[in-house]
Amino acid sequence: MLRRAVRLLEAFDAEHRHLTLGQMASRADLPLSTASRLAGQLVELGLLVREGNGAFGVGLRLWELASLAEPTVSLRGAIAPLLDDLVSVTRQHVQLVVRDGEEALVLDRRDGREPLPIYYHLGGHIPLVPTAAGMVLLAAAGASLMESMLERGTYRWPLYECPRPSAADVRAQVAEVRRTDIAVVRRPTSPVVSVGVPVRDRDRRVVAAIGMLLPADGLPVTRVEPLLRASALAAARGLSAGERDRPPDWSGE
């Protein structure tokens, strides 16, 4: 029964925030009677809400519980002020992501001033290979994950923009990220360049990545690279100390 309830909750996503009972049952592949019974129980628990038009939505209780998940509390606490400073100084879109299987989960984000085509949202997932923050996490995950994805061809790429890179290209990009400790992803027909750096804990393990999205014809990567690296180091110090670190002072930049 618990698995079915989870399937019902998983029927919601960024494009389907409000669903009728029939839509929920169909997307969860559950009988309508089962979906109705579970939806009623989830509403009583505050995990779903029933709206005036009869549709269902995700309840605040679910977000409240999810916000307590570790390591999200310590990560977001340590890095939130750094994201604030980054967007204040650069005016670009920034994000904090962690690996969730073969994707990256967006833990936090800040919107920049540039009108860029941004398709991710807080709490959503982004693919690893086409994004710089994702490439950072893929490089840290070890060869087994990458080789498994390459063998199965399960790495996503926006084919409407340009051809998907070959397995050899992905291996070369990952090797470069491991060598330089920074990822830069430029897609030939995309108006966006993404840059990502790793965030490490006290044991030097990569636990997250900070990413920034730039206009392809705008601010050069060389201008933001030292700021991203400084933020990653400050985040690592905050995590190692077990408390929020003081953001770097960029007033003289």
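Predicted model: local features only at pLDDT ≥ 70, side-chain atom pairs only at ≥ 80, totals over all residues.
Six strands build it, in the order S5-S4-S3-S8-S7-S6. The sheet is open, and its pairing is antiparallel. Which strands lie at the edges? They are S5 (125-127) and S6 (183-186), and each of these pairs on one side only.

Now look at strand S3, residues 93-100. On one side, S3 pairs with strand S8 (residues 206-215) over five bridges, in the antiparallel sense. S3 also pairs with strand S4 (residues 103-110), again antiparallel, over seven bridges. Leu-96 stands opposite Ile-210 in S8. Leu-96 also stands opposite Asp-108 in S4.

Follow the chain from S3 into S4. These two strands form a hairpin, with two residues between them. Gly-101 sits in the turn and has a positive phi of about 70°. While you look at the strands, keep one general point in mind. In a regular strand, side chains alternate between the two faces of the sheet.

Turn to the helices. Two packed helices are described by the angle between their axes and the distance between those axes. Take helix H1 (residues 2-9) and helix H3 (residues 32-44). Their axes are 10 Å apart, and the packing angle is about 85°. Angles of 65 to 115 degrees count as roughly perpendicular. H1 and H3 are therefore roughly perpendicular to each other. Which residues make the contact? From H1 come Arg-4, Ala-5, Leu-8 and Leu-9. They meet Thr-34, Ala-35, Leu-38, Ala-39 and Leu-42 in H3. By class, this contact of H1 with H3 holds seven nonpolar residues, one polar and one charged.

A second pair is helix H6 (residues 132-141) with helix H8 (residues 167-180). Their axes come within 9 Å and cross at roughly 85°. That makes H6 roughly perpendicular to H8. In H6, the contact residues are Met-135, Val-136, Leu-138 and Ala-139. They meet Val-170, Gln-173, Val-174, Val-177 and Arg-178 in H8. The contact of H6 with H8 has seven nonpolar residues, one polar and one charged.

H9 covers residues 221-241, which is 21 residues. At 1.5 Å a residue, H9 should span 30 Å. The C-alpha atoms at its ends are 30 Å apart, so the two values agree. Several H9 residues are buried, among them Val-221, Val-224, Leu-227 and Leu-228. Ser-231 and Gly-238 are also buried.

Finish in the loops. Where is Asp-181? It is in the loop between H8 and S6. Is Asp-181 buried, partly exposed or exposed? Its relative accessibility is 28%, so Asp-181 counts as partly exposed.

Arg-204 lies in the loop between strand S7 (192-200) and S8. Arg-204 has a positive phi of about 70°, although it is not a glycine. With 56% relative accessibility, Arg-204 counts as exposed.

Notes:
Residues numbered from 1 in each chain as written. Heavy atoms only, no water. Axes fitted to C-alpha atoms, helices over the stretch in contact; angles between N-to-C directions. Helix = DSSP H or I, 4+ residues; strand = E, 2+ residues; numbered from the N terminus. Parallel < 35°, antiparallel > 145°, perpendicular 65-115°, else oblique. Contact = heavy atoms within 4.5 Å. Nonpolar A, V, L, I, M, F, W, Y, C, P; charged D, E, K, R; others polar. Expected span 1.5 Å × (residues − 1). Buried < 20%, exposed > 50% of the residue type's maximum accessible area, 1.4 Å probe, protein only. Pairing = 2+ DSSP bridges.
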